[in-house]
Amino acid sequence: MTDAHKLKIALVGCGGIAQAHWKGIQAHSPRIHVTAVVDTDAQRADAMAEQTGATPFTSLADALAQGDFAAVDILLPHALHEEAATLAFAAGKHVVLEKPMAHTLESAQRILTAAKKAGTVFMVAEQAQYWPDARAVRELIESGTIGEIITARAFFGGPVRPGSGGPRPWRYDLAMAGGGITMDGGAHWIRPLRMWLGEIEEVVAVTGRPLVEMDGESLARSILRFRSGVVAVLDTLTAGVAMGPGEEFRVTGTLGEILVEKGRGGRVLLFDSENPGGKVISGQKDEGRAAAFGYELNDFAGAVLDGTALEASPEYSLGELRTAFAIYRSAESRQWEKVWE
Ligand SMILES: NC(=O)c1ccc[n+]([C@@H]2O[C@H](COP(=O)([O-])OP(=O)(O)OC[C@H]3O[C@@H](n4cnc5c(N)ncnc54)[C@H](O)[C@@H]3O)[C@@H](O)[C@H]2O)c1
């Protein structure tokens, strides 16, 4: 493919998730060409430039003024999303922005307004939308394999990767992160539930802070009531300790149950009358969930280059953040809290 048919992009923030995006681009996004890399830490920018062959910058403003790209991929701590996205939109760039959209709902709303004004493509990178296991479960549900959904259970747990940024990791700082584990990694567990069960109406939750170093919650036990009336349970937990195996998702229907295993890149099992001992629906083929970063960026490239619709609009992608904030409100109020009002 000639460069003229490619989407030139700048990676903004060269930390942990930038590596996953770069690997995804190399493996699954042949239409993306990384031409600029930006990090306020010059060493990180230079190292990423060496890896990618792109031009390094130490500020987005410099990259926008001097770089050659049509889109930016924002991979920054949450409280920095708005400033970077707004700058990029003002420069007429297309924007793909790592989840969560922002550290507050007000900030997310301002980003959406800036995107509308720019009229360019805007996508929130929520790779769970493209997880092979989440798609396999959706197909099973849509084909009626487990009948009517009765209930579901999701568990997200494990170590938090603190990230970089000074003596105290930014993820531990509420002002920078905006919340704890539920709005961060928990988002990847909320998205599949929404893909399978529809929109969440209201939540009731209790939160805690077993990981005392982190300002935000490191434990949340939540009940989610969907618009369909189905009720599901979402658990998020990081306690800074080793954790044992278990399932990540369990969806129970009138004809059987689907299980997504933990720690196997999302192995999907079906239990029904024909398979009472369980049947493996999808295994650990290819790269499993890691490939999803490439698929999501490919979706973004298609939207920019071909005008195709994104799998999930930015307005839809606000759902994980709205759910997390409803969980936080419920933990305070001890009441059911609406997600979208
Ligand atoms: N989708 C996922 O599975 C996943 C996983 C991890 C992180 N994330 C998201 O990715 C984003 C970044 O997280 P991370 O773990 O990569 O963080 P990180 O701390 O590893 O990397 C952030 C980078 O941004 C740089 N930076 C800070 N301020 C900057 C600025 N103003 N301009 C340019 N560079 C700046 C830092 O020097 C650092 O290199 C967050 O939104 C986070 O929630 C998503």
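Guide: What follows is a look at the interface between the two domains. The model is a predicted one, and its protein chain is divided into domain 1, covering 3–125, and domain 2, which is made up of 129–291 + 320–338. Taken over C-alpha atoms, the centres of domain 1 and domain 2 are separated by 27 Å, and the contact between them draws 16 residues from domain 1 and 16 residues from domain 2.

The size of an interface is often given as the accessible area lost when the parts come together. Between domain 1 and domain 2 the buried area is about 1,300 Å², with carbon and sulfur atoms giving 66% of it. On the side of domain 1, the residues that lose the most area to domain 2 are His 78, Lys 99 and Leu 105, which together account for 40% of what that side buries.

Lys 99 also takes part in a salt bridge with Asp 184, in which the closest N and O atoms lie 2.7 Å apart; the count of salt bridges between domain 1 and domain 2 is 1. As for polar contacts, 3 residue pairs are found across the interface of domain 1 and domain 2, with both residues of each pair at pLDDT 80 or more. Turning to secondary structure, the elements that contribute two or more residues to the side of domain 1 touching domain 2 are α1 (16–28) and α5 (105–118). By residue class, that side of domain 1 consists of 10 nonpolar, 4 polar and 2 charged residues.

Note on methods
Residues numbered from 1 in each chain as written. Predicted model: local features only at pLDDT ≥ 70, side-chain atom pairs only at ≥ 80, totals over all residues. Heavy atoms only, no water. Domains from an automatic or database assignment. Contact = heavy atoms within 4.5 Å. Buried area = accessible area lost by both parts, 1.4 Å probe. Salt bridge = Lys/Arg side-chain N within 4 Å of Asp/Glu carboxyl O. Polar contact = N/O pair within 3.5 Å; in protein donor to acceptor, adjacent residues only side chain to side chain. Helix = DSSP H or I, 4+ residues; strand = E, 2+ residues; numbered from the N terminus. Nonpolar A, V, L, I, M, F, W, Y, C, P; charged D, E, K, R; others polar.
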